[in-house]
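Please keep the sequence and the three-dimensional view at hand while reading.

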Amino acid sequence: MDSPIVEMRDILKRFPGVVANDRVHFELCAGEVHALLGENGAGKSTLMNILSGFYRADAGEISVRGKPVNIRSPGNAIALGIGMIHQQFRLIPTFTVTENIVLGLSKLAFSLDIRAMEADVGRFSRSSGLTIDPRALIWQLSVGELQRVEILKVLYRGVDILIMDEPTAVLTPQEVKELFHVTRAMAESGKTVVFITHRLEEVMEIADRITVLRGGRNVATLRRSETSIRELAVMMVGKALPPDTAFPPAEAGDIVLELENIEAGGDRGQKALDGLSLSVRAGEIVGIAGVAGNGQRELAEVIARLRSVSRGTIRVCGKDITNREPLCAIEAGVSYIPEDRFGTGLAGELSVEENLILKEYRHAPLGRGFLIDWKKAAARALELVEQFHVKTPSLGAPANSLSGGNAQRLLLARETAARPKLIIAAQPSRGLDVRATEAVRTILDSQRRVGAAVLLISGDLDEIMKLSDRVAVIFEGRIMGIRGRDRLDMEAIGLMMGGLGESHDQA
Amino acid sequence: MIRLEKRTSTSMAYQVFSPVFSILCAFAFGAVFLRVSGFDPVDVYVRMLTGAFGDLYGWAETLVKAIPIMLCALGVSVAFRMLLWNIGAEGQLYMGAFGASWVALSLPEAPAVILLPLMVAAGMAAGALWALVAAIPRAFLRVNEIITTLMLNYVAIYWVEYLIYGPFRDPSAYNFPLSVPFAGAARLPVIGDTRIHAGIFFAILAAALLVFVLGKTRWGYEMKVLGDSPEVGRYAGINVRLHIVVALCMSGALAGLAGMSEVSAIAGRLQHGLSPGYGYTAIIVACLARLNPWGIIIVSILFGGLLVGGYSAQFIGVPAAAVNMLQGAMLFFVLVAEFLGRYRLSLGGSAVEEVG
């Protein structure tokens with residue numbers, strides 16, 4: 001299995017504001033299971049989307065089976081024998097398995113002999129070890145079965161290089177076991193499998209070779225037999241950065257936020273938070289590190305009371321707000337900077353002024369009985385716009401006319417203006433330029449200084465390290481461990497992010 | 001490949017002129033049909049114009065038709081602002097008529113100062129309750145309000161039919177499906193010897209009240225936030241469910257008031273065909289006026305004129321359906337103009353990509 005079947009060289013891919021792939025090399029050997037490992041934002045999915053024709057690289061070369069190729073579409077990639085299975089399944093719920101599998105095949109006749117096709121799909125599924133009823137309707141299948149259909153759909157098109165993007169993220173442990181079994185079988189029958197993942201244990205279990213990416217760049221490509229979980233953990237998260245001296249710790253006070261044994265469901269009905277406990281004190285920033293999709297968004301929403309919990313208690317300054325209305329959290333002094341600025345945090349069509357008073361209009365001096373004093377509202381808005389340097393053409397301009405950085409300043413202005421006791425900041429600097437990022441961090445730091453408790457949820461590990469007094473690592477809805485600023489150990493944090501290591505070191 | 005791009009802004013001029021332009025387009029579109037049917041479109045339109053606005057009688061009749069349209073359109077606009085598509089003004093109007101009639105028929109001896117306020121209250125309450133039937137499932141179970149409000153229209157209309165064929169039927173009406181006529185005290189006063197009635201003041205009062213509520217009150221501000229994004233509203237601690245229920249009930253109450261004023265001032269009894277579809281016309285009017293209360297008052301007069309002008313055109317044989325067609329064409333062109341105001345058509349281009 002030493003002849004490279006795919007070679008990607010110097011792949012460059014830019015998205016607005018980020019370089020997702022920065023001259024990445026990638027090599028696949030026929031018949032191997034190759035794990036592509038990295039944090040979120042490392043560029044794994046981008047690289048594989050380029051190989052499977054969903055994106056086009058800005059620069060770089062790809063050769064398949066020794067021949068240079070130009071992959072322009074997913075159809076191109078399929079013709080070359082390359083197929084990708086995305087995290088989000090792309091199946092039509094009201095169609096049967098067979099109908100979904102044959103959908104889009106180029107050699108379909110005008111009238112379909114669906115019985116013959118069902119028989120063919122049935123034979124094919126048995127022979128590839130992915131047994132499934134070809135007549136079953138998609139909406140009736142479990143997640144594991146859906147994934148099997150996706151794999152079948154790709155294999156049925158004659159693909160022998162199969163890319164799976166985080167395939168185990170949605171599966172039960174039993175289903176993971178089956179998937180690994182099938183993966184092994186495919187590799188033994190000569191197919192090549194790429195496994196995109198961030199879970200270290202899985203990498204060691206399934207991969208022959210491992211390529212690690214970080215920040216859009218190659219870190220290393222290794223044989224499994226020549227590496228260890230610890231080495232991979234460090235490669236994945238990088239070297240330890242010392243805490244930024246620009247943000248020295250402040251005096252931590254009383255406990256403000258107390259989460260006890262929280263359980264909550266996610267949007268797809270899965271268990272997103274699974275017995276999570278955490279506390280944040282006044283005057284400290286607690287950073288939540290973790291690979292995206294391990295319950296971070298749900299954690300923020302649960303505290304802001306936008307998501308209900310099935311177990312556990314939430315207390316803010318001693319007041320129990322478990323499963324109360326969002327207004328109850330607001331009145332308890334909780335501020336929330338959501339990761340989707342527009343859509344949750346800001347009303348895009350409404351003016352800057354109208355957005356700025358969103359948390360203050362109920363009380364004097366802006367609210368007088370059932371009326372709003374718009375003169376005072378305008379004065380207040382002007383004050384905030386100046387204090388937070390929000391660049392806007394006017395107070396009446398719609399919020400969605402502002403740039404990303406200014407929209408975020410607007411959001412921060414509103415969320416920190418009312419002297420909150422607790423600030424939940426979710427991905428506060430995502431998509432912002434350097435100056436805006438710095439401004440956001442300075443605002444959070446100054447809030448800590450005046451005694452607010454800050455829960456910082458960020459996919460940017462550097463940001464977490466720079467700002468946090470304590471770092472908590474979240475994995476599959478649980479806190480794997482908490483480290484103070486003076487004991488930050490990248491190896492341990494990397495291991496915990498990959499689902500390994502200490503479990504209950506709660507400070 | 002034709003592609004749609006979202007515009008970042010819509011110019012003020014576009015917002016003002018697109019409804020005017022849409023109306024002109026609708027008339028041009030209607031002209032083609034009139035021509036094909038063998039009529040001279042210019043002649044028909046001139047007749048309609050003079051019929052509706054040519055003399056005092058025309059103006060009076062136009063306003064008479066405009067009053068229920070105003071009230072219903074103000075009503076639906078309250079719901080539309082929160083992206084609640086209340087298609088049920090027609091049924092809420094009928095229920096309002098029923099509520100008012102029930103009071104009028106139950107208290108035949110009461111003096112006007114007691115009876116009329118009671119009829120107003122009963123009409124608005126009945127309209128609001130009818131909207132509530134759709135509002136509760138919408139707020140708590142996310143049941144589509146378009147379907148429920150539309151279906152409830154038929155229920156309301158048949159309920160009124162049942163009453164006038166059954167319990168409310170006037171025994172002295174030779175088996176005609178009519179209720180007992182109201183006492184004089186149950187009739188809304190009219191202006192001079194026209195048929196223009198006090199309902200016009202209800203409409204103007206309602207418009208003024210809406211302008212105040214939307215612009216100055218917490219409730220109006222919260223509605224505005226929810227109209228932009230229910231998610232943001234929830235995040236800000238606004239009680240979304242309560243707002244849905246209240247807005248739909250307000251909407252129904254105004255349509256109910258239209259029904260009350262129609263039975264009290266125009267018909268003088270509960271009867272068949274109280275509304276030639278005012279509740280549906282109101283939807284078009286609210287859209288054309290961009291939900292602006294004073295705009296609704298003006299556009300309603302235009303649509304009242306369209307109805308009256310349509311009657312005039314029938315004298316030379318133009319079918320009554322022509323007016324419905326013109327109304328429909330107007331809504332169509334308004335929606336197209338609205339769409340083009342938000343999006344820009346462009347040819348060619350690349351596929352959309354996102355960071356993976």
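In this predicted model, helix 9 of chain A is followed by R305(A), whose phi is positive, near 65°. Helix 9 itself is mostly covered, since 8 of its 8 residues are buried.

- The buried residues of helix 9 of chain A are Q296(A), R297(A), E298(A), L299(A), A300(A), E301(A), V302(A) and I303(A).
- The loop between strand 13 and helix 9 (296-303) of chain A holds V291(A).
- V291(A) counts as buried because 26 other C-beta atoms lie within 10 Å, where the cut-off for a buried residue is 20 or more.
- Leaving aside residues up to four places away in sequence, V291(A) touches E39(A), N40(A), H198(A) and M497(A).
- V291(A) and M490(A) are 199 residues apart along the chain, and their C-alpha atoms are separated by 14 Å.

**Helix 17**

- Helix 17 of chain A, residues 490-497, is mostly covered, with 6 of its 8 residues buried.
- Those buried residues are A492(A), I493(A), G494(A), L495(A), M496(A) and M497(A).
- M497(A), buried in helix 17, is also one of the residues that V291(A) touches.
- The packing partners of the buried residues of helix 17 are helix 8 (229-237), strand 13 (285-289), strand 21 (470-475) and strand 22 (478-484) of chain A.

- Strand 11 (residues 255-265) and strand 14 (residues 311-316) of chain A run antiparallel and are joined by 5 bridges.
- Opposite L257(A) stands V316(A), in strand 14 of chain A.
- Strand 14 of chain A is also joined to strand 15 (residues 319-320) of chain A, by 2 bridges, and these two strands run antiparallel.
- R315(A) has D320(A), in strand 15 of chain A, as its bridge partner.
- The hairpin of strand 14 and strand 15 of chain A has 2 residues between the strands, and C317(A) there takes a positive phi near 50°.

**Domains of chain A**

- The domain assignment divides chain A into domain 1 (4-237), domain 2 (240-333 + 421-507) and domain 3 (344-419).
- Taken over C-alpha atoms, the centres of domain 2 and domain 3 of chain A are separated by 26 Å.
- To the contact of these two domains, domain 2 of chain A gives 10 residues and domain 3 of chain A gives 8 residues.
- On the side of domain 2 of chain A that touches domain 3 of chain A, helix 15 (residues 434-449) gives the most, with 5 residues.
- That side of domain 2 of chain A is made up of 7 nonpolar, 2 polar and 1 charged residues.

**Chain B**

- Chain B has 13 helices and 2 strands.
- The C-alpha trace of chain B spans about 75 × 60 × 35 Å along its principal axes.
- A compact globule of 356 residues would have a radius of gyration near 21 Å, and the 22 Å of chain B agrees with this.
- Of the 356 residues of chain B, 47% count as buried.
- Among contacts in chain B between residues at least 6 apart in sequence, those that join residues at least 24 apart make up 78%.

**Contact of chain A with chain B**

- Chain A brings 30 residues to the contact, and chain B brings 20 residues.
- Elements of chain A that each supply at least two residues to the side touching chain B include strand 2 (18-29), helix 1 (44-51), helix 10 (326-331), helix 11 (341-345) and strand 18 (371-372).
- By class, the side of chain A that touches chain B has 17 nonpolar, 9 polar and 4 charged residues.

**Confidence**

- For the complex, the predictor gives an ipTM of 0.83 and a pTM of 0.78.
- Chain B has a mean pLDDT of 89, and 93% of its residues reach 70 or more.
- Over residues 349-356 of chain B, pLDDT stays under 50, and the model has 9 contacts beyond four places in sequence for them.
- Where pLDDT is low, predicted coordinates should not be read in detail.

Terms used: Residues are numbered from 1 along each chain as its sequence is written. Chains are lettered from A and ligands numbered from 1 in the order in which they are written. This is a predicted model: local features need pLDDT of at least 70, side-chain atom pairs count only at pLDDT 80 or more; totals for chains, interfaces and linings use all residues. Domain bounds come from an automatic or database domain assignment. Two residues are in contact if their C-beta atoms, placed from the backbone, lie within 7 Å. Helices (H or I, at least four residues) and strands (E, at least two) are DSSP runs, numbered from the N terminus. Ala, Val, Leu, Ile, Met, Phe, Trp, Tyr, Cys and Pro count as nonpolar, Asp, Glu, Lys and Arg as charged, and the others, Gly among them, as polar. The radius of gyration is taken over C-alpha atoms; the globule rule is 2.2 Å times the number of residues to the power 0.38. A residue is buried if 20 or more other C-beta atoms lie within 10 Å of its own, exposed if 12 or fewer, and partly exposed in between; C-beta atoms are placed from the backbone. pLDDT is the predictor's confidence in each residue, from 0 to 100. Two strands pair if DSSP finds at least two bridges between them.
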